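This briefing is for a reader new to the structure.

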Amino acid sequence: MKKEIEMLVRALTRPLPGKDAQKLMSPSVRFTGNTKYDPQNARVSSVLILLYKKDNQWMIPLIQRPKYDGAHSGQVSFPGGKFEKGDCSYLDTALREAEEEVGINRDELSFITEMSSLYIPNSNFIVYPQVCITEIEPVFIPDLREVAEVIEAPVNELLLPETVHRFKRNINGVHVDAPFYNIDDYVIWGATAMMLSEFLEQVKYSGIFTNQLSRSYNACNAPECR
């Protein structure tokens, strides 16, 4: 495992592709809300992308949010949340939120890198993704107030071209055409898919995974994605 960890760290610490990789999984329109925010006043948040091995496969955990009256009701996302006053860094935010939401033990994790930030226009958050790795398979204890389901997604499966699909739907009167990852019938789209796309663009260079075909999805045509 240590050799594979070295290979993953080397791949993930390459120069980031940034928006070019994020746009591969961007919806045609990103703002579907009712209130237009000023990105200059965006709130700060952070999410955790955690690599761990289970059944001899590298995995990352995602969560499905419960249904509620909000911008991300029922969506699939990374563990994470808002930067709080007591947090000393974006990494601290991601680890604290992951501990609260799914019971991850931060002492078992090693930090690798921070991915490119991403602005979310519907909720006026700018998100800073933090990538960590662990040699110990996590035992997830979801906080049912914040997490309806923990989804363990195999990285190798996420890299398969056939994992990517598209949907067309009307959201708040806006026609949206969006690519998404389908893992066990969970739909991973929007900001989470965009951050995941950059992560996958990096890890495919590790040499560990057999499905390292470059993806060529339709880039976002919306002005806010350019």
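Strands β9 and β10 (residues 174-183) are paired antiparallel through 8 bridges; two strands count as paired if DSSP finds at least two bridges between them. The model is predicted, so local features need pLDDT of at least 70 and side-chain atom pairs count only at pLDDT 80 or more, while totals for chains, interfaces and linings use all residues. Residues are numbered from 1 along each chain as its sequence is written, and side-chain values use heavy atoms, with hydrogens and water left out.

**The sheet**
- Helices (H or I, at least four residues) and strands (E, at least two) are DSSP runs, numbered from the N terminus.
- The open sheet has 3 strands in the order β9-β10-β11, with antiparallel pairing.
- β9 (164-171) and β11 (186-188) are at the edges with a single partner strand each, so one side of each has no neighbour in the sheet.
- From one strand to the next, the twist averages 45°.
- Arg-166 has Pro-179 in β10 as its bridge partner.
- Strands of a sheet pair through backbone hydrogen bonds, either parallel or antiparallel.

**Helix α5 and Thr-192**
- Helix α5 (residues 190-203) lies across β10 and β11 and runs at about 45° to β10; axes are lines fitted to C-alpha atoms, for helices over the stretch in contact, and angles run from 0 to 180 degrees between N-to-C directions.
- Thr-192 is a residue of helix α5.
- Thr-192 has 8% relative accessibility and therefore counts as buried (buried is under 20% relative accessible area, exposed over 50%, partly exposed in between, with a 1.4 Å probe and protein chains only).
- Apart from neighbours within four places in sequence, Thr-192 is in contact with Leu-62, Val-76, Ser-77 and Phe-78, where contact means heavy atoms within 4.5 Å.
- Thr-192 and Met-25 are 167 residues apart along the chain, and their C-alpha atoms are separated by 9.2 Å.

**Aromatic rings**
- The structure holds 5 aromatic pairs; rings of Phe, Tyr and Trp (its six-membered ring) pair if their centres lie within 6.5 Å, with planes under 30 degrees apart counted as stacked, over 60 as edge-to-face and the rest as tilted.
- The ring centres of Phe-83 and Tyr-90 are 6.0 Å apart and the planes are at 80°, so this pair is edge-to-face.
- Phe-83 is partly exposed at 30% relative accessible area, and Tyr-90 is partly exposed at 29%.
- One aromatic cluster is formed by Phe-83, Tyr-90 and Tyr-128.
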